[in-house]
Amino acid sequence: MPTHLQIIALDRIAYEDDVDIVVLPGEEGQLGVLPRHARIVTLLEPGEVLTRKSGEETSLAISGGFAQIGPDSVTILSDAAEYADDIDMERAGEARRRAQERLSNPSATPDLEMARAESALLRSMARIRVAERIAARRRRQPPGGQQPRQE
Ligand code: ATP
């Protein structure tokens, strides 16, 4: 019995499929969810959602939110969610740089802006981590299972 996973972002359903396992970025670290999980609602951090279906892994970055977990379904509500392949690294790097600049200059930054910059920093770092992790996984296991060619 697979788990029906839905990732609902602000403007769209970013992902919907039946999966064998889903790993979520929980507040206390990675949370692996298998079918027949107890019913809980839990907070999510900005980070990676990893799914596996018939041995195939899919990775998305989420900006954080909530997960409603049940015995045969997981519903994630997150402002933003992107497939690892859709992450624009340049944009994420620029967002990280802007946030770091604000955070490094607290006297010129009002409290509300500091809090926003902290969230923006976490989102950008999650995107960068997810994109880098997927690139590293691909280097280890290129699609089709071929080993990188040794020249
Ligand atoms: P930025 O300052 O670059 O807009 P942000 O963290 O403020 O980043 P969000 O508010 O989290 O952006 O997201 C706004 C929209 O842009 C969402 O639809 C999100 O999926 C998309 N998005 C944000 N950053 C990226 C990125 N680096 N690559 C791909 N999509 C992104």
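Tyr15 is buried, its relative accessible area being 7%. The model under discussion is predicted. In this model Tyr83 is partly exposed, at a relative accessible area of 31%. The two residues fall into separate classes because burial requires a value under 20%.

A search for aromatic pairs returns one. Tyr15 and Tyr83 form this pair, with ring centres 6.2 Å apart and planes at 50°, a tilted arrangement. The partners come from distant parts of the chain: Tyr15 belongs to strand 2 (residues 13-19) and Tyr83 to strand 10 (residues 81-83), a separation of 68 residues.

## Domain arrangement

The protein chain is assigned two parts, domain 1 (3-84) and domain 2 (87-140). Their C-alpha centres are separated by 21 Å.

Contact between the domains involves 13 residues of domain 1 and ten residues of domain 2. Together the two domains bury about 940 Å², of which 59% is on carbon and sulfur atoms.

## Polar interactions across the interface

Three salt bridges are found across the interface of domain 1 and domain 2, together with five residue pairs in polar contact, both residues at pLDDT 80 or more. Strand 6 (47-53), strand 7 (56-62) and strand 10 each give two or more residues to the side of domain 1 that touches domain 2. Strand 7 supplies the largest share of that side, four residues.

A salt bridge also joins the side chains of Arg127 and Glu82, with an N to O distance of 2.9 Å.

Key: Residues are numbered from 1 along each chain as its sequence is written. This is a predicted model: local features need pLDDT of at least 70, side-chain atom pairs count only at pLDDT 80 or more; totals for chains, interfaces and linings use all residues. Side-chain values use heavy atoms; hydrogens and water are left out. Rings of Phe, Tyr and Trp (its six-membered ring) pair if their centres lie within 6.5 Å; planes under 30 degrees apart count as stacked, over 60 as edge-to-face and the rest as tilted. Buried means under 20% relative accessible area, exposed over 50%, partly exposed in between (1.4 Å probe, protein chains only). Domain bounds come from an automatic or database domain assignment. Contact means heavy atoms within 4.5 Å. Buried area is the accessible area (1.4 Å probe) that two parts lose on being put together, summed over both. A salt bridge is a side-chain nitrogen of Lys or Arg within 4 Å of a carboxyl oxygen of Asp or Glu. A polar contact is a pair of N or O atoms within 3.5 Å; within protein, one must be able to donate a hydrogen and the other to accept it, and residues adjacent in sequence count only if both atoms are side-chain atoms.
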